[in-house]
Amino acid sequence: MIKPKRWSAGRRYLVAVWIASLGTTGLAMASSAGGLCPGLPPLQTKIRFRGHRFELQQPEDLRRLDAVLDGEVQNLGAHHKSSDRDSLMAMKSLIAGALTTTARTAGDVTDEKAIEARCDALVELAEIGDSLDLATRNPTPRRIDLAQAPFLHFDLMHNPVGKGKTPASDLARNPGPDMDPSLRDPVRSTFWSRPSDIASRNLYEEFGPIVRVDDTICAYDEPKTSYGTTPGFTMKCGARTIKVKFGEHENQKRDTEVALTRLFDALGYHVEPNDYAPRIRIRYERRLLLEFNSRKSLDITYTIFGFIPVAHQIVQKPQDPFRYIQSAIMKDGTVLSPDDLARSLIRPEILARSARASKKHPKGTSAEQYREDAATFEGGLDHLVMNEANVQLHEAGGHSIGPWSWDRLGHSEKREWRGAALLFAWTNCYDVRWDNNRLKRDGTGIRHVISDLGNGLGRADNYRVDAQGLVNDFPWTFTEAPVVDCRGRERTSFRVVSYQPVFGNDAFRDMTVDDARWMARLIAQLTESQIQQALIAAGYTSAEVRLYTEKLVSRRDRMIRDLGLATEIPLLRPRGVERAFDYDPGRDGPVEVRVANGPALHPLESRDLVIRRGRVEPR
């Protein structure tokens, strides 16, 4: 007789833990369902704030959170931004509103508008609290043990997109049982709104001429102190405060944010208005050079046994500010080259250092590097002319509270974020860290903003590839159609290929075919002219505009075919795209785009580039 297999004590313990967790989850869901707003999903009201967990559906937890906020407000020092106090006070106001409507609707009679207001207050409260909590975290790990490295590498290399099977949780009501589920919009939210008449928009002036600095000489304000691999600062241009962000100088990559924000904004997503500036003119201040590398550190220390350091990786390498200067203008009108400026300011022994020493501590970034007579020379300096840059209005769209995450508070279950995976994949925008998002608040409430789209239009197959903004590396396709066997059964489903975000993203992973079709219909409303308008606004030359346009059109048409929408949506290139084409702006003429009620647009021809057999090359 075979004796039944007995479970070990370890197995019995694991099963007990599993059963207990099910019970705990059930109790949590039950308490949430019977809380202040029974219709809210449990994930939307559970937050962690200042080391404590709160279930915002419960009045007692709201009162506990209010007490924590009182302590936070009292501990605010003079170094804290006024927006920090505003955010904390906004949370207290939302708590008071939720508790007030609770008292007002107690009893048998329920005021539907009051309940709706209470639900909205709880959602906004959770979003602000979660954003403030994220603001205290580092976007990348500070320490990685070598034993963890293989697992981390595996995780970074396996961030799939479009593997979802369950429908989004925020779909608007279905008007009929026969309606295609991919046609349903998400309900009203702070993440996305249905744009009107996409094809009629002028994407060159998508944000209006409010950001352009042209040749205005502005005044230096503050350094860039956020995370990021590229340097920048803020400057005062009259009454406006402008954020300046340079591209990567080492590899001549182009910043793609100006183009992509126009495409994303046209499709209903919240972005930060920005523009391309071919040059920056700024009054000279030594602080600009000294503070050029003030960005927050993203350095990583590698250890063994969890505490013995064996290697150190500098993610944000210090940048030489003189490499971003085109010229210096003296008060008497004399024009100096960057090298002449450096020789007049910096001690000779500093300029004669080895390349390694110069890279570690770039010239001009510490006070002891300056000549004794530098101050006298600086008295005759008027302004600097600096490289092309991305410029943004500071605090456009409201005060920034902090970042928001794709995967917290139930965001990954929303159609607008699942569908966004296809938009990010179409443009190969891959750096979807939560630190690249901003939660903003103004008099009308909060908005979830995508604040950094400067990492697209290149390769995005895995985290080791750093080719954003390189037109020749941008692939011609990014999707594959389902494979059907001889019996008509799908062996493979629709796939997104040659694209994955650099970090895991539940919203992107859980995108379904219906979510993808929903987004494809939006993308398909963009015209070829609008794509070119966005690229011209970003400062690309005619050759780059031509090649990027052909590749984006190719990716669009292939996506429509692979999603089975070709009978519904006309293709821009019904006969296919010619990949190995030649184009010379001098011979064939520059790219020209016309917009309604406006002049013809032409790209800037600052570089002598042509297309040979489908690749941009110097003439």
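**Disulfides in a predicted model**

Both cysteine 218 and cysteine 237 are buried (under 20% relative accessible area, with exposed over 50% and partly exposed in between; 1.4 Å probe, protein chains only). This is a predicted model, in which local features need pLDDT of at least 70, side-chain atom pairs count only at pLDDT 80 or more, and totals for chains, interfaces and linings use all residues. Residues are numbered from 1 along each chain as its sequence is written, and side-chain values use heavy atoms, with hydrogens and water left out.

**Cysteine 218 and cysteine 237**
- These two residues are joined by a disulfide with an S to S distance of 2.0 Å.
- Cysteine 218 lies in strand β4 (residues 217-223) and cysteine 237 in strand β5 (residues 232-237), so the bond ties together parts 19 residues apart in sequence; strands (E, at least two residues) and helices (H or I, at least four) are DSSP runs numbered from the N terminus.
- The S-S torsion is about 105°, and the disulfide is therefore right-handed.

**Cysteine 37 and cysteine 119**
- The sulfur atoms of cysteine 37 and cysteine 119 are 1.7 Å apart and form a disulfide.
- This pair links distant parts of the chain, 82 residues apart: cysteine 37 is in the loop between α1 (9-33) and β1 (46-49), and cysteine 119 is in helix α4 (residues 112-134).
- With a torsion of about 100° about the S-S bond, this disulfide is right-handed.
- Cysteine 37 and cysteine 119 are both buried.

**Pattern and a further cysteine**
- Counting bonded cysteines along the chain, the disulfides follow the pattern 1-2, 3-4.
- Cysteine 429 counts as buried because its relative accessibility is 0%.

How values were computed: Disulfide = S-S within 2.5 Å.
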